[in-house]
Every structure is written in C-alpha cells, then in structure tokens.
Amino acid sequence: MSDQEILDYEKNYLGTYEDFPNGIYIGKADRSVLDASGWQPDEDITKTSWYTDGSQNDTFEFGDPYQDNMTKEYVVTASRKIADLDGQKAVIASDVSLSRLTEIVTQMSTDTTNVFIIDGKSGYNLLCHGRIGEIRCSN
C-alpha cells in the first residue's frame with residue numbers, strides 16, 4: 001500500500017467518530033508520519049510515548065495522558081504496532097480527548113457510585129466517577 005493510499009484510507013476516519021475526531025495516524029521508524037489531518041510533528045516521533053508504547057503493543061492500548069500539541073486538549077492515545085510498512089516498523093495511533101472520555105463514562109454510568117479506572121503505562125491512573133462526571137489523573 002502506498003503512502004497516498006494510506007492517507008486516502010485515513011481520510012475515512014477524519015471527523016467520522018466522536019471518540020477520535022482527528023482520525024488515525026501512522027508513525028514509521030524513519031520518523032515520518034502519515035496523517036490525513038495534515039499534522040506533521042516538530043519532534044522525533046520515535047521518541048514519543050505513543051510511538052514507543054505502541055511499538056510494544058500487539059493490540060491497541062492506552063498510554064499516559066498528555067496535552068495534545070495541535071488541539072491543546074488533554075488526550076490519551078491508543079496505539080499499537082502494525083505489520084511492516086514498506087519494510088519499516090510502524091505504529092498506528094488515535095487520540096481520545098479526556099473530555100470525550102468523561103462524556104462516555106457519564107453516559108455508561110447509570111449508577112452514580114460507579115468508578116472507572118484506566119491504568120496508564122507509567123503509573124498514571126484515570127479515575128472516572130459517574131456522579132461527578134469528570135476525570136481525575138493521579139500518579
């Protein structure tokens with residue numbers, strides 16, 4: 001699959017799903033990024049947590065929360081490694097905003113005493129409480 005075919009495929013996800021409105025993106029071992037939204041990072045992606053975590057994951061797993069450079073929202077990235085892309089290691093990822101995650105948990109929670117916890121990679125925990133309708137991060 002060519003880079004253009006991948007970008008065309010990614011366009012199907014832009015603005016389609018509330019949970020990850022910025023779609024999906026792929027980072028390659030050569031530090032290039034395929035992202036139909038047009039995002040091009042200023043940093044070496046192979047050193048970012050989403051890439052390094054994802055390169056170890058066989059399935060999508062959440063990393064630690066951080067402030068997204070493009071949207072300035074706090075997000076958590078789900079990432080995983082994918083099969084060689086043009087002979088290179090690659091990681092596919094998508095960001096979920098913590099405000100959207102709060103909405104999802106609030107909708108799921110019919111019992112106001114429910115507490116949901118998502119464990120982050122480096123000891124961060126996302127604590128979501130249905131009654132409060134908010135997310136708290138702790139380390």
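A: Start with a term: a nonpolar core is a set of buried Ala, Val, Leu, Ile, Met, Phe, Trp, Tyr and Cys residues joined through side-chain atoms within 4.5 Å. Keep in mind that this is a predicted model.

Q: Okay, which residues make up the largest nonpolar core?
A: There are eight: Tyr25, Val33, Trp39, Ile45, Trp50, Tyr51, Val91 and Ala93.

Q: Which elements each supply at least two residues of this core?
A: Helix H2 (49–54) does, and so does strand S6 (88–97).

Q: What other core is there, and how many residues does it have?
A: A second, separate core has seven residues. Ile24, Leu34, Ala90 and Ile92 are among them.

Q: Back to Tyr51. What does Tyr51 touch?
A: Leaving out residues up to four places away in sequence, Tyr51 touches Gly27, Lys28, Ala29, Ile45, Thr46, Lys89 and Val91.

Q: What lines the largest cavity?
A: The lining is Ser49, Trp50, Asp53, Glu61, Phe62, Gly63, Asp64, Tyr66, Thr77 and Ser79.

Q: Which elements give two or more residues to that lining?
A: H2, strand S3 (61–62) and strand S5 (74–85). H2 gives the largest share, three residues.

Q: And by class, what is in the lining?
A: Three residues are nonpolar, four are polar and three are charged.

Note on methods
Residues are numbered from 1 along each chain as its sequence is written. This is a predicted model: local features need pLDDT of at least 70, side-chain atom pairs count only at pLDDT 80 or more; totals for chains, interfaces and linings use all residues. Side-chain values use heavy atoms; hydrogens and water are left out. Buried means under 20% relative accessible area, exposed over 50%, partly exposed in between (1.4 Å probe, protein chains only). Helices (H or I, at least four residues) and strands (E, at least two) are DSSP runs, numbered from the N terminus. Contact means heavy atoms within 4.5 Å. On a 1 Å grid over the protein atoms alone, a cavity is a set of points where a 1.4 Å probe fits but cannot get out, and a pocket is an open set with protein on both sides within 12 Å along at least five of seven lines; lining residues have an atom within 4 Å of a point. Ala, Val, Leu, Ile, Met, Phe, Trp, Tyr, Cys and Pro count as nonpolar, Asp, Glu, Lys and Arg as charged, and the others, Gly among them, as polar.
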